[in-house]
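Hello,

Here is the structure I promised to send over. Please open it first; my notes follow below.

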Amino acid sequence: MKIATTALVKYTFIDVVEYTRNRSVEAQSDVISTLNALVARVFEELKIPKEERIMLPTGDGMCVGFLNYNFFDINMIFSFKLLEGIAEHNKREQDEARRFRVRIGINENQDNLVRDINGVNNLAGSGINLAQRVMNLGDESQILLGPASYEVLRCRELYMKHFREFTALDKHGDTFPVFQFVDEELTYLNTATPEVFRSNEIADFAHRPLTVLCAWTIALAHKRREFFAAKKDEPRFAHVANTLLYHLALDEVSRKKATPFKKHQLKTYKASFASVEDQYNFYRSQDMNLIAELSDFIVEKHYKPFNNCFEGEADHKLLAFPSVEGLRKLHMEFPNLEDGATNLKQA
């Protein structure tokens, strides 16, 4: 048996979204020409020599394989620069049919180097297969990763806390993890949940138990519903109330974990001493950009799986106003929690 030549390949699989929709053949050709030019420009900018990459055209996109490359995140850097270049092109291009967006799948593996029927270098293996499968799950301007690339990146400072995990099904009915890269500061990146996973989130909601932190948040908000209702029309109410309720709920969780040998650390301003009015005013008096960023981070990190438990827009949830479904889950899963709340004194 001939021993295959292998290489550690970092893949970036690129697909033009809705390539043929409302596009003439000429416009389709121009889109691919533009994509090729943008990719070549990124290669030049990153100084990636030809011998360290393999380009595989797919008709409506391409797969780029970086061979034994030293940069651990070369496929991510390449993707960022490509998406940014496409966004700049779309701003300049007047013809809608020649504007385009791509979706990107990233993976890596020790795959085989082969020659295709034309004698050109090609790649074969589970790494490139999964890269394409992952890409097919994404929407426009999204970056999805396979588990191998995720493991390389997840503990790096630039990428920590920037991944959203999903479970996908392959054609055989087996499950595999998929990771979406999200960063709200990158304006060219689509951070919405991929369409293919949205129905799964809705279907799974009824069976997902509340976290203790989320349960306490609902209980505390409901206990002081009149107070928050009176404040709801104030500027930046949502960010202030979200920050206050998170800290109050965190303190309740801490209290329940305390033992005679382990004191709880309270986080809320003047916890157990100040009135809810004073606490609310304290957070309102802080730098509002900081409070807004903190509020957004809190909701994204701790409450996003329970969006249906709170009122508000999809990307602007109000922790101060539990929904009917949120209260139902609280009473079903934590029936005595609301009466046990100690961390909100009278206003």
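The helices α1 and α2 are oblique to each other, meaning that their angle is not under 35 degrees (roughly parallel), over 145 (roughly antiparallel) or 65 to 115 (roughly perpendicular). This is a predicted model: local features need pLDDT of at least 70, side-chain atom pairs count only at pLDDT 80 or more, and totals for chains, interfaces and linings use all residues. Residues are numbered from 1 along each chain as its sequence is written, and side-chain values use heavy atoms, without hydrogens and water.

Back to the helix pair. α1 spans residues 25–46 and α2 residues 74–92. They pack at about 130 degrees, with axes 10 Å apart. The crossing is right-handed (the near helix is turned clockwise from the far one by less than a right angle). Contact means heavy atoms within 4.5 Å. Among the α1 residues that meet α2 are Leu35, Leu38 and Phe43. The α2 side includes Ile77, Phe78 and Leu82. The contact residues divide into eleven nonpolar, three polar and four charged.

Next, α11 (residues 324–333). Gly326, Leu327, Lys329 and Leu330 are buried there (under 20% relative accessible area; exposed is over 50%, partly exposed in between, with a 1.4 Å probe and protein chains only). These four cover an arc of only 160 degrees around the axis, so they sit on the same side of α11. On the other side, Val324 and Met332 are exposed.

Last, two loop residues. Glu18 has a positive phi, near 50 degrees, and is not a glycine. Glu18 lies between β1 and α1. Lys161 has a positive phi of about 65 degrees, again without being a glycine. Lys161 lies between α4 and β7 and is exposed, at 66%.

Best wishes

Methods:
Arc of directions from axis to C-beta. Axes fitted to C-alpha atoms, helices over the stretch in contact; angles between N-to-C directions. Nonpolar A, V, L, I, M, F, W, Y, C, P; charged D, E, K, R; others polar.
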